[in-house]
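The sequence and the model come first.

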Amino acid sequence: MTDFDPSCDDILREIAGAPSPDALENVRIKVLGRRGSLTVAMRALGGLEPEERRRAGAALNAAKERITAALGEAAARLGRAALEERLRRERADVTLPVPVCGAGRIHPISQTIDEIVAIFGEMGFAVVEGPHIEEDFYNFTALNIPPEHPARQEHDTFYLPTRPDGSRLVLRTHTSPVQIRTMLAQRPPIRIIVPGRTFRCDHDATHSPMFHQVEGLVIDRTTHMGHLKGCLIEFLRAFFALDDLPVRFRPSYFPFTEPSAEVDIGCSRRHGELRIGAGSDWLEILGSGMVHPQVLKNCGIDPSEFQGFAFGMGIERVAMLKYGIPDVRAFYDSDLRWLRYYGFLALDVPSLVRGPLPGGAAA
Ligand code: DAH
């Protein structure tokens, strides 16, 4: 028999007084570890006479139960104390005003994308993205723009070096290839918008070689031109925060839609100043149309069963119009003075619930 004291008063006192989880663990190892005093005493029971073994065994088991219970209680007590200490240390007064982070600003392009996503999100559209480096098939051919089609010239495409098989990858010239990728990957109903970067070899006050578009695509059994019109009118009025914004659909041509329509919004240009809203002038704002049956077929969708509409819009353009930004090149100059003037505070998160943002740059 060892010198383990089955009344275990000292051990219980040590457990009750343990100042930290580490100290408690040390006591546990000292008593219940592989070479702990109680473990050793229990191992020694085997050498005792049966009568003596029964008596000593019962005493040791009772001691083990008390010690285990005391360890559990102490662990809970120390855990509670640690939590209280942490809550005290990390206390935050939620009634304090939010500190205004002075330096950083959200770039107007990011803000505009967030605004567009918030509006279409409310209408049940999902956001989808696609690669910037694209195959000819997705950027052109599947969109009903075959190799010799004149629309290819209009796109001022950036080509990557020819590959051994003679094919060339391109920097996508529009977000439309993501229509194809989505229709090939999922069955209708489809309701997506695709905000993202696009590239064309063009550079002046209204064109940047890298710019942003947002694409929209809706495919279902009964989707028709009325849905296209309602959806885009609703969007444009919410985006420009003008309930009575005049919107006009003008017949147009895109290889991937039939019929196609360009969408104009009402404006006035009095005294050389452009104002969005009622007026006698029109401003072209986006391209749209009913998805061409050939494009549906290219994606394995039966045009006698499904139809839908698509649209594409330049994000810089609508941001310039909404926030009165005169030159597209400034978006990418990283001029801090420009960013402080036209940028947005991090907490200006766009949402339809909160109401539209004022149509001007943040202070
Ligand atoms: N991809 C066209 C462009 O970049 C824009 C566009 C027009 C997209 C009509 C569409 C559409 O989805 O239906 O000029």
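## Salt bridges and exposure

Arg89 counts as exposed, at 55% relative accessibility. In this predicted model, Arg89 pairs with Glu85 in a salt bridge whose closest N and O atoms are 3.5 Å apart. Glu85 is partly exposed, with a relative accessible area of 33%. Both residues belong to helix α4 (residues 50-89), where a spacing of four residues separates them by about one helical turn.

A second salt bridge joins the side chains of Asp136 and Arg152, at 2.8 Å from N to O. Asp136 sits in helix α6 (residues 136-139) and Arg152 in helix α7 (residues 151-154), so this pair ties together parts that are 16 residues apart in sequence. Arg152 is buried, at 9% relative accessibility, because the cut-off for buried is under 20%. Asp136, at 23%, counts as partly exposed.

Asp327 and Arg329 also meet through their side chains in a salt bridge, with an N to O distance of 3.1 Å. Asp327 has a relative accessible area of 24% and is partly exposed; Arg329 is partly exposed as well, at 36%.

| Salt bridge | N to O distance |
|---|---|
| Glu85 and Arg89 | 3.5 Å |
| Asp136 and Arg152 | 2.8 Å |
| Asp327 and Arg329 | 3.1 Å |

In total, the structure holds 20 salt bridges.

Notes: Residues numbered from 1 in each chain as written. Predicted model: local features only at pLDDT ≥ 70, side-chain atom pairs only at ≥ 80, totals over all residues. Heavy atoms only, no water. Salt bridge = Lys/Arg side-chain N within 4 Å of Asp/Glu carboxyl O. Helix = DSSP H or I, 4+ residues; strand = E, 2+ residues; numbered from the N terminus. Buried < 20%, exposed > 50% of the residue type's maximum accessible area, 1.4 Å probe, protein only.
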